[in-house]
Amino acid sequence: MLFVAAAPALDDWTQRRLAAHPPPAILDHPLWLLAKPEILLGLLGASAGLAKLAARRPRPQASKLGAEAPVLARLLATGLFALGASLVLKLMIGRARPGGADADPMAFAPGAFDRAFQSLPSSSSAVAAALALTLVRWRPSLSLPALAALVVICAERIFSRSHWPSDVVAGVVVGLLVVKLTDTRDLGGAR
């Protein structure tokens with residue numbers, strides 16, 4: 001509840017600070033496209049498909065990739081669920097995106113199909129959180145890189161002025177809830 005009360009002040013403070021500075025030039029690099037949910041999930045889907053095919057082949061070099069098929073499938077499913085949930089919430093909430101210095105963090109247009117009113121929650125943050133937390137759960141050895149990627153993606157969403165900080169936090173919460181709701185069975189094998 002405290003976060004909900006503090007969110008407008010945090011968003012306004014951040015907007016005023018960012019308005020005085022241009023976005024970092026590194027955010028124009030093509031590699032940032034990998035942070036987009038549709039690209040990331042496409043890559044995961046292709047990886048899961050390849051792993052499933054590798055699991056069917058009785059070759060020693062394919063066995064490692066094939067053993068990862070259940071985790072890749074879980075990552076894909078969790079990511080798609082997080083993306084879907086965040087898109088539905090965006091449409092229902094209809095919060096305005098940050099823009100110029102006069103952007104209002106309290107401007108809402110529920111049900112608007114206009115991209116300018118699809119800020120809350122951040123889909124990129126929701127998908128990144130779902131994927132990172134799934135990796136933390138099923139492959140603890142990848143915890144540090146997964147959580148580092150989550151932090152970088154969340155920071156990029158704020159510094160690129162695509163989302164308010166509270167949108168990013170809400171996206172992470174959506175990702176966390178999706179992981180909790182979909183974590184219903186053990187994948188088996190060593191982690």
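At what angle do helix α4 and α5 pack, and how far apart are their axes? In this predicted model, where local features need pLDDT of at least 70 and side-chain atom pairs count only at pLDDT 80 or more, totals for chains, interfaces and linings use all residues. Residues are numbered from 1 along each chain as its sequence is written, and side-chain values use heavy atoms, with hydrogens and water left out.

Helix α4 (residues 69-93) packs against α5 at an angle of about 150°, the axes being 8 Å apart. Here helices are DSSP runs (H or I, at least four residues) numbered from the N terminus, and axes are lines fitted to C-alpha atoms over the stretch in contact, with angles from 0 to 180 degrees between N-to-C directions. The angle makes α4 roughly antiparallel to α5, since angles over 145 degrees count as roughly antiparallel, under 35 as roughly parallel, 65 to 115 as roughly perpendicular and the rest as oblique. The crossing of α4 and α5 is right-handed, a term used if the near helix is turned clockwise from the far one by less than a right angle.

Contact (heavy atoms within 4.5 Å) involves, among others, Val71, Leu75, Ala82 and Lys90 of α4, together with residues of α5 including Ala126, Ala130, Leu131 and Trp138. Sorted by class, the contact of α4 with α5 has 11 nonpolar, 5 polar and 2 charged residues; Ala, Val, Leu, Ile, Met, Phe, Trp, Tyr, Cys and Pro count as nonpolar, Asp, Glu, Lys and Arg as charged, and the others, Gly among them, as polar.

How does α5 meet α7? The axes of α5 (residues 123-138) and α7 (residues 165-182) come within 7 Å and cross at roughly 40°, which makes α5 oblique to α7. This crossing, too, is right-handed. On the α5 side the contact includes Ser125, Ala129 and Leu133, and on the α7 side Val168, Gly171 and Val179 are among the residues involved. This contact has 9 nonpolar, 4 polar and no charged residues.

A few local details complete the picture. The charged end of Arg137 sits over the ring of Trp138, 4.3 Å from its centre; the criterion is NZ of Lys or CZ of Arg within 6 Å of the ring centre and within 35 degrees of the ring normal. In the loop between α4 and α5 lies Pro121, joined to Leu120 by a cis peptide bond with omega of about -5°. Arg161, in the loop between α6 (143-159) and α7, has a positive phi of about 65° although it is not a glycine.

How values were computed: Helix = DSSP H or I, 4+ residues; strand = E, 2+ residues; numbered from the N terminus.
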